[in-house]
Amino acid sequence: MIKKVSTLLIVGLILSLNSCKKEAKKEAKKEAQETVYASDVIPFFDHWKLVLGNGENAGIANNFENKDFFYTETDNSGKWVVFKAPNAGSTHGTSNNTRTELGQTKKWYPKTANDKLTATLKVMNVSATGDARVAASHAVVVGQIHSADKHENEPLKIFYKKFPGHTKGSVFWHYEINTAGEDNSGRWDFSTAVWGDDFSVVGETEDTYPEEPKDGIALGEEFSYEIEVKDGIMNLKFTSKGHETKTFTKNLIASEYTTKADIPDQTQKLFVPIGQDGVERKDAYTGEGCFFKLGAYNQTNGKSPEVNRNWCSGAETHGGDVQKQYADGNYAEVWFKTASIKVSDASVSNEEYFSKNDHK
């Protein structure tokens, strides 16, 4: 009788353990199945390669996540794709700045283009530190048009910037000249405000801030952009609930800045004093393959402001330690809710751009 009871107990224990193992496997399988990838939220990743905040090209990002830089989140309004980039770490190409950003796998030529990018997003964090006199401090670029050829300049960068202590930040966009000649060191940006201020509004000292912008955008507040390039003209549209809709137009194939006399006052103030006083090719970006970018291109870095008063922030980087930067707010984080891309039939492969820049 004792042996029979013991045997039954042992058999029961084995069955119970097996049942627990099966349940654990089921739960693990269920949890794995419930992973929501960025490509589940915005199914357009076939058109992009993803560069991470450690400089790595992760390629086509279908069914991909990286918990440090690229993943999904859910809040009361739905699912979002998160792009996150520290103030310092390994960078992509020749840039001083880290990025977790999509780059289009095809390029198109402005003169024959019929291409479009749209996105709805909210910025969740910009760097907590940085020299307030430096125009790029506390800023992140959330969308771009980039040239793949020659100087690899940028006819469009869409910025969000918010100073510490302010509730509202600014959204503005930049046009970078496509510098005439072989020397690109004289290139400069012209900044246009959308909501709030433009790039040129900075602090008087390294730790004092200008007045908070009127009609600004708060961290966590949604806004949308549309970028369309057709027949050489770039059309921009910015929308946000409770804010005036703004539209802009820029010719990408005929320059406004072909002589020194054409250099605008804003550039005279920001760029000319540091030797960036170039002029643009007469035909601007004509003949150069251009492509879209989308994500979090952190504009705040740890380089000394003495190097460049517009782009070198002198911010905290903890020697490139990503987790330490994340712990005290020294990073950029942008959430995208929706996005779409229209690629024209005239577009061609952009592989050469990635092969040039992935190993720099």
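## Ser 347 and its surroundings

Not counting residues up to four places away in sequence, Ser 347 touches Lys 106, Lys 107 and Trp 108 (contact means heavy atoms within 4.5 Å). The model is predicted, so local features need pLDDT of at least 70 and side-chain atom pairs count only at pLDDT 80 or more, while totals for chains, interfaces and linings use all residues. Residues are numbered from 1 along each chain as its sequence is written, and side-chain values use heavy atoms, with hydrogens and water left out.

Ser 347 sits in the loop between S17 and strand S18 (348-349); strands (E, at least two residues) are DSSP runs, numbered from the N terminus. With a relative accessible area of 9%, Ser 347 is buried (under 20% relative accessible area, with a 1.4 Å probe and protein chains only). Its side chain reaches the backbone oxygen of Ser 344 at 2.8 Å.

## Aromatic rings

Rings of Phe, Tyr and Trp (its six-membered ring) pair if their centres lie within 6.5 Å; planes under 30 degrees apart count as stacked, over 60 as edge-to-face and the rest as tilted. By this rule there are 24 aromatic pairs. In one of them, the ring centres of Phe 83 and Phe 336 are 5.3 Å apart and the planes stand at 75°, so this pair is edge-to-face. Because Phe 83 belongs to strand S4 (residues 78-86) and Phe 336 to strand S17 (residues 331-342), the pair ties together parts that are 253 residues apart in sequence.

Phe 83 is buried, at 1% relative accessibility, and Phe 336 is buried too, at 0%. Both belong to one aromatic cluster, together with Phe 44, Phe 45, Trp 48, Phe 64 and Phe 70.

## Charges over rings

A charge sits over a ring if NZ of Lys or CZ of Arg is within 6 Å of the ring centre and within 35 degrees of the ring normal. Arg 99 lies over the face of Tyr 297, 3.8 Å from the ring centre. Lys 122 has its charged end over the ring of Trp 80, at 4.2 Å from the centre.

## Cavities

On a 1 Å grid over the protein atoms alone, a cavity is a set of points where a 1.4 Å probe fits but cannot get out; lining residues have an atom within 4 Å of a point. Grid points are joined across faces, edges and corners, and a volume is the space filled by probe spheres set on the points. The structure holds two cavities of 30 Å³ or more.

The largest cavity has a volume of about 80 Å³. Its lining includes Lys 161, His 166, Asp 197 and Pro 213. Strand S10 (residues 168-176) gives the most to this lining, with four residues.

Terms used
Buried means under 20% relative accessible area, exposed over 50%, partly exposed in between (1.4 Å probe, protein chains only). A polar contact is a pair of N or O atoms within 3.5 Å; within protein, one must be able to donate a hydrogen and the other to accept it, and residues adjacent in sequence count only if both atoms are side-chain atoms. On a 1 Å grid over the protein atoms alone, a cavity is a set of points where a 1.4 Å probe fits but cannot get out, and a pocket is an open set with protein on both sides within 12 Å along at least five of seven lines; lining residues have an atom within 4 Å of a point.
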